[in-house]
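Hi everyone, thanks for coming. Please have a look at the sequence and the model on the screen, and then I'll walk you through a few features.

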Amino acid sequence: MTERTVGIVGGGIVGLAVGRELTRRHESTRVVVFEKENRLGAHQTGHNSGVVHAGLYYEPGSLKAELCARGRSMLREYCSERELPYVECGKLVVAVDGSELARFDALETNARRNGVPGLRRVAGSEITEIEPHAAGVAALHSPETAITDYAAVARALGEDIERAGGSVLLSTAVTGVRRRVGGVDIETADGIHSVDRLVVCAGLRADRVSRWADGADGPRIVPFRGEYMRLAPSVRELVRGMIYPVPDPRYPFLGVHFTRRVSGEVEVGPNAVLSPHREGYRRRDVSLDELRGMAGWPGFWRMAREHWRTGAVEMLGSLSVRAYMRTARRYVPEVGVTDVRRAGAGIRAQAVDRDGSLVDDFRINHEDGITTVRNAPSPAATSSLAIAEHIVDRVAAN
């Protein structure tokens, strides 16, 4: 049987899941993963909150809704097989007052249509039975929402690829992609690698690498930094699992929330602040090249005109711990400003169309031997194994 080689750009959890699925399904396929950092899961995979989503938020019938449901069960099984942490600590989505009940009711309808397992509506008087220190007028309880360590999952997926005869090339940045008759040439500082097919899962640089691969310009990635606070050890027990706000349907962000980590720590966040650097985890990280790129995209200015007020509020929370916690304390009033410390940050690769709209669903394109994942925000980590199935199905069909 003739061996074929599939190149994967990106060593985050989605790219690695695709690589593993290819090796599982096609023994004659050799996988080569190209990762520019010196470790796997260095960016979005390793900087998220570790939540395994149950599917509350996503438009019924969307790719997100479909793949989140499938991906959650696959991830739970994978973590069990590989002895990786997976804790079903549950989530409460809390409406703090009557003004949120219309959005709350719509969220419940979505969640039930998506078949969220064990979902239960909780009256205000019952909230403290689940989260004794939370406050609100109503809540949705999702008992099977879980937490894991996605960086550990990514490393395990990389091991699976190498065990099956594939290669994971760290510190190997892709600098160009060229089609050729019968395949694709991938340019790196170490030389040119020739593959039969290419899958681009480049996360924060998905638009740039995808444009090299297929020439399509858009959507573009606009980076948003999500900053976290961490509860002091003395007040960690104020939160048993996860406490979330009712999300604003205008945005793909879920709002500042409380999340217990597999380490036992409890984080508050993230917010969503426009970042001047795709890998800028500190406020002082700025890339003039990336700022010029954003300024040259019409969609950025259209997005900014529509959402600048929300952006100003998010920036205030970034600059002031007191302002940040003013929102968070609506859900757990006993947590004060002195009970938190600034923790890490992550960057969300938010795809923005030319008309300024924030791309919400997964966006995956297939064309002539090249697959590009142009938008894979949350719940991409939850859905990663199902996204891999979806992609490999279509790679085989084409």
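**Rings, a sheet and its helices**

Let's start with the aromatic residues: ring pairs link Y57, Y58 and Y244 into a cluster. Rings of Phe, Tyr and Trp (its six-membered ring) pair if their centres lie within 6.5 Å; planes under 30 degrees apart count as stacked, over 60 as edge-to-face and the rest as tilted.

Before going on, please keep in mind that this is a predicted model, where local features need pLDDT of at least 70 and side-chain atom pairs count only at pLDDT 80 or more, while totals for chains, interfaces and linings use all residues. Residues are numbered from 1 along each chain as its sequence is written, and side-chain values use heavy atoms, with hydrogens and water left out.

How many aromatic pairs does the structure hold? There are three. Y57 and Y58 are both buried (under 20% relative accessible area, whereas exposed is over 50% and partly exposed lies in between, with a 1.4 Å probe and protein chains only).

F300 and W301 are edge-to-face too, because their planes stand at 75 degrees, with the ring centres 5.1 Å apart. F300 is buried, at a relative accessible area of 9%, but W301 is partly exposed at 45%.

Six strands form an open sheet with mixed pairing, in the order β9-β2-β1-β13-β21-β20. Strands (E, at least two residues) and helices (H or I, at least four) are DSSP runs, numbered from the N terminus, and two strands pair if DSSP finds at least two bridges between them.

Which strands stand at the edges? They are β9 (167–169) and β20 (363–367); each has a single partner strand, so one side of each is left without a neighbour in the sheet. β20 and β21 (residues 370–375) run antiparallel and are joined by five bridges. H366, for example, has T371 in β21 as its bridge partner.

Finally, helix α6 (residues 206–214) packs on the sheet and touches β1 (4–9), β13 (197–200), β20 and β21, where contact means heavy atoms within 4.5 Å.

Technical notes: Axes fitted to C-alpha atoms, helices over the stretch in contact; angles between N-to-C directions.
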